[in-house]
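Welcome! Please take a moment to look over the sequence and the 3D structure before reading on.

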Amino acid sequence: MVLTDTHTHLYYETIAGKRAALVQRCIDNDINRLFLPNVDAASVPLVYDLVQAYPGLCYPMLGLHPCSVKADWKQELATIKAAQGQHPIYAIGEIGIDLYWDKTFLTDQVEAFKQQINWAKSLDLPIVIHCRDAYNEVYEVLQQENDDKLRGIFHCFGGTAEQAQQVIDLGFYLGIGGVVTYKNSGLDKVVAEIDLKHIVLETDSPYLTPVPFRGKPNESSYLIYIAQKVADLHQTSVEEVARVTTENSRLVFGV
């Protein structure tokens, strides 16, 4: 069995011993593919260091997180773009719009999102979308940019069944994480109705820790609990969920 965490910030752990233990727990739980999105220019070296330490296990993405879009975002994005030649990258992400914390830079977030979508298209890469309290704004951009090169993952999907279908119709996979295990999230009812061929799994560690560890820092090894929940919802085995979702990750990332 091979499980794939399509979205983890494992690189935030910089203490070598703790990092090695996190990775070993992944391997012990059959989580053998980790995709790492940076969030800003400063996090690029952290991602690349982890990729160099664990080749064949860790795969980098590059992008400017919407919460990192500030007044100097154009220079920040230029710095990130300049780093792309140091390693093969497998997606542009995480990118998108976040209106939960601050609406000050909404116009800049939209422009940065569009620029990075076009960057991904020029490289023939998927995008990994961050969307928080901004579904309508994100969906409007995706409709505007929609063509045969637009594809990727709607990270941390937590919307309605109708929104899920809209995302799928645009050719995106739904990134399902720890929220699906939360009793009152409602996401379990949505995921139960979605064919596994449209789903990839993720942790977003160290955030959004699944039950039974909710309230503690998340880690990629906990993906097994998310996979088990999805298996229960679909009345199938965790091995089948691993098989389908890992194949989906290979289709979207090309590796």
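Predicted model: local features only at pLDDT ≥ 70, side-chain atom pairs only at ≥ 80, totals over all residues.

**Helix α1**
- Helix α1 runs over residues 16–28, and its 13 residues reach 18 Å from the first C-alpha to the last, close to the 18 Å expected.
- Its buried residues are R19, L22, V23 and C26. They lie on the same side of α1 because they cover an arc of only 95 degrees around the axis.
- As background, residues three or four places apart in an α-helix point the same way, because there are 3.6 residues a turn.
- The exposed residues G17 and D28 sit on the face of α1 turned away from its buried side.
- Among the elements covering the buried residues of α1 are β2 (31–37) and α2 (44–53).
- Just after α1 comes D30, with a positive phi of about 65 degrees.

- Leaving aside residues up to four places away in sequence, F113 touches I95, G96, I97, I127, I129, V138, V141 and L142.

- For C58, the nearest cysteine sulfur is that of C26, 8.2 Å away. C58 counts as buried, at 3% relative accessibility.
- C156 is in no disulfide either, and the nearest cysteine sulfur, that of C131, is 9.5 Å away. At 26% relative accessibility, C156 counts as partly exposed.

**Aromatic rings**
- Y100 and W101 form an edge-to-face pair, with 4.7 Å centre to centre and 90 degrees between the planes. Y100 counts as partly exposed at 41% relative accessibility, while W101 counts as exposed at 64%.
- The rings of Y135 and F154 have centres 6.0 Å apart and planes at 50 degrees, so this pair is tilted. Y135 lies in helix α5 (residues 135–145) and F154 in strand β6 (residues 152–154), so the pair ties together parts 19 residues apart in sequence. Both Y135 and F154 are buried.
- F35, Y59, Y90 and F253 are linked into a cluster by ring pairs.

Note on methods: Residues numbered from 1 in each chain as written. Heavy atoms only, no water. Helix = DSSP H or I, 4+ residues; strand = E, 2+ residues; numbered from the N terminus. Expected span 1.5 Å × (residues − 1). Buried < 20%, exposed > 50% of the residue type's maximum accessible area, 1.4 Å probe, protein only. Arc of directions from axis to C-beta. Contact = heavy atoms within 4.5 Å. Disulfide = S-S within 2.5 Å. Phe/Tyr/Trp six-rings, centres within 6.5 Å; stacked < 30°, edge-to-face > 60°.
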